[in-house]
Amino acid sequence: MGKQPNLYAFDDISTLARRLRTYVIQCQNAGFDRHGLFKVAVSGGSLPSTLAKALLELADGGSEDAVDFAKWEIFFADERAVPLDHADSNYKLLKDELLDKIPTPMGQPIVHPVDVKLLDDVQEMADQYQDTLMQSFAAKDSVKLPIFDLLLLGCGPDGHTCSLFPNHELLRESDAWVAPIEDSPKPPAKRITLSLPVVTHGTKIAFVATGAGKKDIMKQIFDTEEGRSLPCGLVNEGGAEKVSWFTDNGAVEGVGFPRRGSL
């Protein structure tokens with residue numbers, strides 16, 4: 001058996017948020033050591049509010065426990081083809097929950113929203129967002145895939161992540177960094193998403209999944225053969241020990257896969 005993802009379960013969201021903070025800061029500091037920046041991809045759902053809880057408490061300790069947003073570069077793991085002020089926009093969600101609440105001393109990150117002039121053509125929108133990634137990740141040397149310092153992802157009740165859905169042809173996309181989808185089973189139908197190889201190529205990959213409503217899909221992902229072919233299962237398989245799941249006890253009730261005790 002190869003190396004496996006790390007599954008952490010906590011008593012409540014507050015404890016989860018504290019541990020997530022520690023983990024994100026470790027990833028941040030490793031990114032700073034590698035290239036002076038922290039390049040992160042973020043998805044939507046309940047993740048931005050948990051992220052805000054984790055990051056917006058000012059650090060107690062020294063520089064090892066400091067979030068330095070001024071050196072962050074934030075991309076979207078997926079986005080919906082809607083205006084940036086639309087309720088379905090992942091950018092709006094992150095802006096409302098986190099970006100607008102960052103205290104001045106913590107600095108302001110560089111954020112890369114989609115180009116709203118291209119909302120009517122998701123292929124163009126995906127191509128433009130891939131160009132944005134290339135300017136950041138391949139400005140000096142050509143690279144086959146970008147390497148995010150961290151991808152922060154959610155898990156849908158069907159096992160989808162980003163806008164990669166079960167049994168969808170996009171799961172087989174191997175060339176594009178960013179792909180369009182026009183038939184999302186979850187509205188809105190038109191979106192763009194990072195491709196699976198980009199997700200699993202990240203230095204670190206973290207899922208946040210909370211609440212008893214997640215326990216059935218978590219059991220499927222971690223304990224069944226079929227679950228390994230779900231998008232979240234494919235990330236587990238491709239990312240292996242680079243993947244960490246931050247969950248509460250309700251989300252993993254009945255899951256047989258072994259939990260990790262600590263980070």
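Predicted model: local features only at pLDDT ≥ 70, side-chain atom pairs only at ≥ 80, totals over all residues.
I started with burial: buried residues make up 52% of the 263 residues in the protein chain. Buried here means under 20% relative accessible area, exposed over 50%, and partly exposed in between (1.4 Å probe, protein chains only).

Residues are numbered from 1 along each chain as its sequence is written, and side-chain values use heavy atoms, with hydrogens and water left out.

Next I looked up the fold. I get seven helices and 10 strands for the protein chain (DSSP runs numbered from the N terminus: helices are H or I with at least four residues, strands are E with at least two). The radius of gyration is 17 Å, close to the 18 Å from the globule rule for 263 residues, so the chain is as compact as a globular protein of that length. That radius is taken over C-alpha atoms, and the rule is 2.2 Å times the number of residues to the power 0.38. Along the principal axes, the C-alpha atoms fill a box of roughly 45 × 45 × 35 Å.

Then I checked Lys-39, which sits in strand 2 (residues 38-42). Buried or exposed? Lys-39 counts as buried because its relative accessibility is 9%. From Lys-39 to Phe-75 I have 36 residues in sequence and 7.7 Å in space, C-alpha to C-alpha.

Last, Glu-124: I found this residue in helix 4 (residues 122-137). Glu-124 is partly exposed, with a relative accessible area of 41%.
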